[in-house]
Amino acid sequence: MVHPAPLDPVPDRWNGVDTYLTETLVAQDDALIASIASLAAEGMPEIEVAPLSGKFLHLLARLAGARRVLEIGTLGAYSTIWLARALPECGRVVTIEAEPRNAAVARRNLERAGVAGRVDVRAGRAADILPSLAGSEPFDLVFIDADKESNVLYLDWAARLGRSGAVIVVDNVVRSGHVVETDAGSQVDGVRAGLEMLRDDPRFEATALQTLDRKGWDGLAIALLV
Ligand code: DHB
Ligand code: MG
């Protein structure tokens with residue numbers, strides 16, 4: 001059997017596929033769309049997860065039967081809305097945002113999405129807030145999507161605060177391919193250190209998936225807390 005040569009992932013083709021898959025599989029309501037629009041309107045970076053990834057997080061939470069979710073890096077709460085909508089009425093997302101202005105935008109977006117009662121937005125540095133969560137009920141899913149330099153610290157807290165069997169997801173582990181470089185700056189160094197921790201620390205069993213979507217070429221690491 002003759003296999004066709006692999007196609008180069010040219011941007012118009014991958015964007016076309018991203019649009020096709022999103023339109024086919026991901027129904028976004030006005031609140032989700034408004035939360036994306038709020039980023040540009042408020043002068044915030046447009047670095048929310050792609051719709052396909054938002055729904056992926058939502059499905060992971062449902063597959064895990066999650067009731068308690070921890071998110072590090074709220075931005076405008078686009079991913080937070082997807083996660084909150086995966087939870088039962090009694091469920092809770094604790095989401096940490098370092099920038100107070102972003103946290104205010106996130107709260108408005110969560111209100112509009114009808115999930116504000118299920119989400120606790122904590123404004124402040126995650127390094128300061130995470131220790132205060134020790135002793136609370138353990139988390140079933142942790143999504144790490146903040147400053148990449150701190151991924152090792154965040155993974156350590158995810159392991160401490162998650163229950164055995166929890167799902168850990170780390171965003172942005174490919175960074176347009178720069179992850180293979182050892183001299184690509186502090187963010188990539190942080191991503192690589194996090195991936196090495198997922199390999200070496202016996203608390204985790206992990207893999208990673210590359211993503212090619214409207215946000216470019218990146219990827220997600222997915223780990224089980226053993
Ligand atoms: C950046 C951060 C993100 O979380 C993301 O999804 C994309 C880009 C950044 O800091 O550049
Ligand atoms: Mg991200």
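How many residues lie between S6 and S7 in their hairpin? This is a predicted model, where local features need pLDDT of at least 70 and side-chain atom pairs count only at 80 or more, while totals for chains, interfaces and linings use all residues. Residues are numbered from 1 along each chain, ligands are numbered from 1 in written order, and side-chain values use heavy atoms, with hydrogens and water left out.

**View 1. The S6–S7 hairpin.** Two residues sit between S6 and S7. Strands S6 (residues 204–213) and S7 (residues 216–225) run antiparallel, joined by 10 bridges; DSSP has to find at least two bridges for strands to pair. Look for Thr207, which stands opposite Ile222 in S7. (Strands are DSSP E runs of at least two residues; helices are H or I runs of at least four, and numbering starts at the N terminus.)

View 2. Asp145 (OD), Asp171 (OD) and Asn172 (OD1) coordinate the magnesium ion (ligand 2) at 2.0 to 2.2 Å. Donors are N, O and S atoms within 2.8 Å of the metal (3.2 Å for Na, K and Ca), and with water not among the atoms, sites may look incomplete. Asp145 sits in the loop between S4 (139–144) and H7 (151–161), and Asp171 in S5 (residues 162–171), so the pair ties together parts 26 residues apart in sequence. Both Asp145 and Asp171 are buried (under 20% relative accessible area; exposed is over 50%, partly exposed in between; 1.4 Å probe, protein chains only).

**View 3. Helix H7, tucked in.** Eight of the 11 residues of H7 are buried, so the rest of the structure largely encloses this helix. Among them are Tyr154, Trp157 and Leu161.
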